[in-house]
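Please find below my note on the structure, arranged as numbered points. Each point may be read with the sequence and the model at hand.

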Amino acid sequence: MDARFLGIAQLVDTPSVAVVVDVMRAFTVAAWALAQGAEKIVLAESLDEALALKGRHPDWVALKDGPPAPGFDTVNSPGLLRSLDLGGRTVVQKTTAGTVGALAVKEASLVLCASFVVAGATARLLRTGECADVTFVVTGEDGKADEDLACAQYIARSATGAGTDAAEFLRRARESGAAAELVEGVRQGVHPDDVALCLELDRFPFAMVATLEDSLMVLRPRAVPSPTAEASL
């Protein structure tokens, strides 16, 4: 697999296969939302679009980065989201980096949104799909966020089928600037468990596939059985 790692601003053409990585916290939150029963996640272009979608669909759950705000149901925190029952609901998500990165590659033939909690399933999907050229979009800090780059590199190595020790990649994420900001309270809308939840490797057995549906970028889970699970069938 030929992998390249780019920031959002470095995307000059539409990749065939894109893996958009936001560890802290957009795509950890998205995975938790799907695990809590959400049917799908709509990635909004702007706060105004998120509120407009919520206005047209009052039963949808809208979330954003930062502190709580009028019109939004919750914030971009896995620690806060994990207590919500989202069974059958649609979630509208707008974040600073993750949703922006996904929308930047919306014309790609395959768009996966990823973090450590779905890293293994994402790598298996790339491997079983025999994806030859993969662009990893490192969303944080203009492509320099080490937690996102570490996760992207881990997925890329895992997708080759070779055994990969996650410890060093998780260490980099744990010591990243984003982790420090969450722990030190620099960011708002944070739960004390957020960093730990973002570093739970392979918590969920699905990958997250984003596709255009009626002009909206929609994220849904795709189950990817592990080799162990397949062997037991």
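Predicted model: local features only at pLDDT ≥ 70, side-chain atom pairs only at ≥ 80, totals over all residues.

**Notes on the sheet, the pocket and selected residues**

1. Lys40 has Thr90 of strand 6 standing opposite. The two residues belong to a pairing in which strand 3 (residues 40-43) and strand 6 (residues 90-94) run parallel and are joined by four bridges.

2. Helix 2 (residues 47-56) lies across strand 3, strand 4, strand 6 and strand 10. With strand 6, helix 2 forms an angle of about 165°.

3. In what order do the ten strands of the open sheet follow one another? The order is 1-8-2-7-9-10-3-6-4-5, and the pairing is mixed. Strand 1 (2-6) and strand 5 (74-75) are the edge strands, each of which pairs on one side only.

4. Strand 8 deserves a separate point. It pairs with strand 1 in parallel through five bridges, and Asp2 has Asp133 of strand 8 as its bridge partner. Strand 8 also pairs with strand 2, again in the parallel sense and over five bridges. Here the bridge partner of Ala18 is Thr135 in strand 8. Five of the six residues of strand 8 are buried, so the strand is mostly covered.

5. Val218 is placed in strand 10 (residues 216-223). Is Val218 buried or exposed? Val218 counts as buried because its relative accessibility is 2%, and the cut-off for buried is under 20%. Beyond its neighbours within four places in sequence, Val218 is in contact with Lys40, Ile41, Val42, Val209, Ala210, Thr211 and Glu213. A separation of 18 Å lies between the C-alpha atoms of Val218 and Val137, which are 81 residues apart along the chain.

6. Ser115 is located in the loop between strand 7 and helix 5 (119-128). Its relative accessible area is 0%, and therefore Ser115 is buried. Which residues does Ser115 contact, leaving aside its neighbours within four places in sequence? They are Asp22, Val23, Phe27, Thr28 and Cys151.

7. The largest pocket has a volume of about 310 Å³. Its lining consists of 20 residues, and Met24, Asp65, Thr96, Ala97 and Arg187 are those that lie nearest the centre. Helix 6 (146-158) and helix 8 (177-184) are the elements that give two or more residues to this lining. By class, the lining has five nonpolar, seven polar and eight charged residues.

8. Asp65, one of the residues nearest the centre of the largest pocket, lies in the loop between strand 4 and strand 5. With a relative accessibility of 22%, Asp65 counts as partly exposed, because the range for that class starts where buried, under 20%, ends. Asp65 touches Asn76, Lys94, Thr95 and Thr96 when residues up to four places away in sequence are not counted. Although Asp65 and Lys94 are 29 residues apart in sequence, their C-alpha atoms are 7.1 Å apart in space.

9. A cis peptide bond joins Met24 and Arg25, with omega at about 25°. Arg25 is found in the loop between strand 2 (17-21) and helix 1 (26-35).

10. Asp142 is not a glycine, yet its phi is positive, at about 55°. Asp142 lies in the loop between strand 8 (133-138) and helix 6. Its relative accessible area is 66%, so Asp142 is exposed. Asp202 likewise has a positive phi, near 55°, in a residue other than glycine. The loop that holds Asp202 lies between helix 9 (194-198) and strand 9 (206-213). With a relative accessible area of 35%, Asp202 is partly exposed.

Technical notes:
Residues numbered from 1 in each chain as written. Heavy atoms only, no water. 1 Å grid on protein atoms, 1.4 Å probe; cavity = no way out; pocket = protein on both sides within 12 Å on 5 of 7 lines; lining within 4 Å. Points joined across faces, edges and corners; volume = space filled by probe spheres on them. Nonpolar A, V, L, I, M, F, W, Y, C, P; charged D, E, K, R; others polar. Buried < 20%, exposed > 50% of the residue type's maximum accessible area, 1.4 Å probe, protein only. Contact = heavy atoms within 4.5 Å. Pairing = 2+ DSSP bridges. Axes fitted to C-alpha atoms, helices over the stretch in contact; angles between N-to-C directions.
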